[in-house]
Amino acid sequence: MSMTHYMSLLASNQPWNLIIFMAIPVICAETLTISEFFIIFDRVKSGGLRTLNKIVGIFAGFYFTGIFFYLLFNAVIPLTTTNGWHTWVDVVAVGFYLSGVLFLLPIALMEIGVLFRNKTDEEKMKIHFMLVGGFLVVAHIAMIFGMVNPEIIDSMSVMPGMTN
């Protein structure tokens with residue numbers, strides 16, 4: 001069975017790639033999500049939970065930015081220049097995975113005071129929640145498309161009566 005580069009990355013160099021590229025970002029996102037619910041529900045502005053949320057947000061944002069640049073230069077650019085993509089689902093899986101940086105990096109920058117300095121605590125909570133939610137959406141889209149067998153998509157495009 002053929003697999004997307006997304007799944008190939010996670011399956012190779014076991015268990016390290018799975019931990020580095022999947023487990024750490026997902027654990028961070030889940031920690032942010034769960035703590036975010038408590039912070040919003042109780043309007044927490046300080047304390048241990050808020051500190052945990054802030055530390056995880058900073059770590060996740062910069063960690064995932066490192067992943068983004070590593071995969072951009074070691075996977076995306078080489079695959080694009082050599083035409084090595086396994087159909088469009090491969091591009092969607094990797095593209096949505098890497099788009100997570102658009103959500104996690106702003107969280108880190110907001111937590112260190114670079115972005116949204118002039119927003120109220122209420123506005124920052126709302127932005128933070130939307131960014132966490134956005135990351136979860138793109139990460140799940142990446143996982144779904146990443147699990148598709150590209151051979152199925154490729155064979156569907158050459159079936160009689162099918163048009164692209």
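A: Let us begin with burial: a residue is buried when its relative accessible area is under 20%, exposed when over 50%, and partly exposed in between, with a 1.4 Å probe and protein chains only. Helices (H or I, at least four residues) and strands (E, at least two) are DSSP runs, numbered from the N terminus. The model is a predicted one, in which local features need pLDDT of at least 70 and side-chain atom pairs count only at pLDDT 80 or more, while totals for chains, interfaces and linings use all residues. Residues are numbered from 1 along each chain as its sequence is written, and side-chain values use heavy atoms, with hydrogens and water left out.

Q: Which residues of helix H5 are buried?

A: In helix H5 (residues 101-111), the buried residues are Val-101, Leu-104, Pro-106, Ile-107, Ala-108, Met-110 and Glu-111. An α-helix has 3.6 residues a turn, so residues three or four places apart point the same way. The cover over the buried residues of H5 includes H2, helix H3 (48-81), helix H4 (87-98) and H6. Just after H5, Gly-113 adopts a positive phi of about 90 degrees.

Q: How many helices and strands does the protein have?

A: There are seven helices and zero strands, and the pattern along the sequence is α-α-α-α-α-α-α. The C-alpha trace spans about 60 × 35 × 25 Å along its principal axes. Of the 164 residues, 35% count as buried. For the next figure, contact means heavy atoms within 4.5 Å. Among contacts with a separation of 6 or more, 76% join residues 24 or more positions apart.

Q: At what angle do helices H2 and H6 pack?

A: Axes are lines fitted to C-alpha atoms, for helices over the stretch in contact, and angles run from 0 to 180 degrees between N-to-C directions. Helix H2 (residues 16-42) and helix H6 (residues 121-146) pack at about 145 degrees, and their axes lie 10 Å apart. As to handedness, a crossing is left-handed if the near helix is turned anticlockwise from the far one by less than a right angle, and right-handed if clockwise. H2 passes H6 in a left-handed crossing. On the H2 side the contact is made by Met-22, Pro-25, Ala-29, Leu-32, Thr-33, Glu-36, Phe-37, Ile-39 and Ile-40, and on the H6 side by Met-125, His-128, Phe-129, Val-132, Phe-135, Leu-136 and Met-143. Classes are assigned as follows: Ala, Val, Leu, Ile, Met, Phe, Trp, Tyr, Cys and Pro count as nonpolar, Asp, Glu, Lys and Arg as charged, and the others, Gly among them, as polar. This contact of H2 with H6 has 13 nonpolar, two polar and one charged residues.

Q: Why does Ser-35 count as buried?

A: Ser-35 is found in helix H2, and Ser-35 counts as buried because its relative accessibility is 3%. Leaving aside neighbours within four places in sequence, Ser-35 is in contact with Leu-49 and Asn-53.

Q: What is the volume of the largest pocket, and which residues are the closest to its centre?

A: On a 1 Å grid over the protein atoms alone, a cavity is a set of points where a 1.4 Å probe fits but cannot get out, and a pocket is an open set with protein on both sides within 12 Å along at least five of seven lines; lining residues have an atom within 4 Å of a point. Grid points are joined across faces, edges and corners, and a volume is the space filled by probe spheres set on the points. The largest pocket holds about 320 Å³. Its lining comprises 15 residues, of which Lys-45, Arg-50, Glu-111, Asp-121 and Lys-124 are the closest to its centre. H2, H3, H5 and H6 each give two or more residues to this lining, and H6 gives the largest share, four residues. By class, the lining has four nonpolar, three polar and eight charged residues.

Q: How does the lining of the second largest pocket divide by class?

A: The second largest pocket has a volume of about 220 Å³, and its lining divides into ten nonpolar, four polar and no charged residues. H3 gives the most to this lining, with five residues.

Q: Which residues line the largest cavity?

A: The largest cavity, of about 50 Å³, is lined by Tyr-6, Phe-21, Met-22, Pro-25, Val-26, Phe-64, Tyr-97, Phe-135, Ala-139 and Met-143. H2 gives the largest share, four residues.
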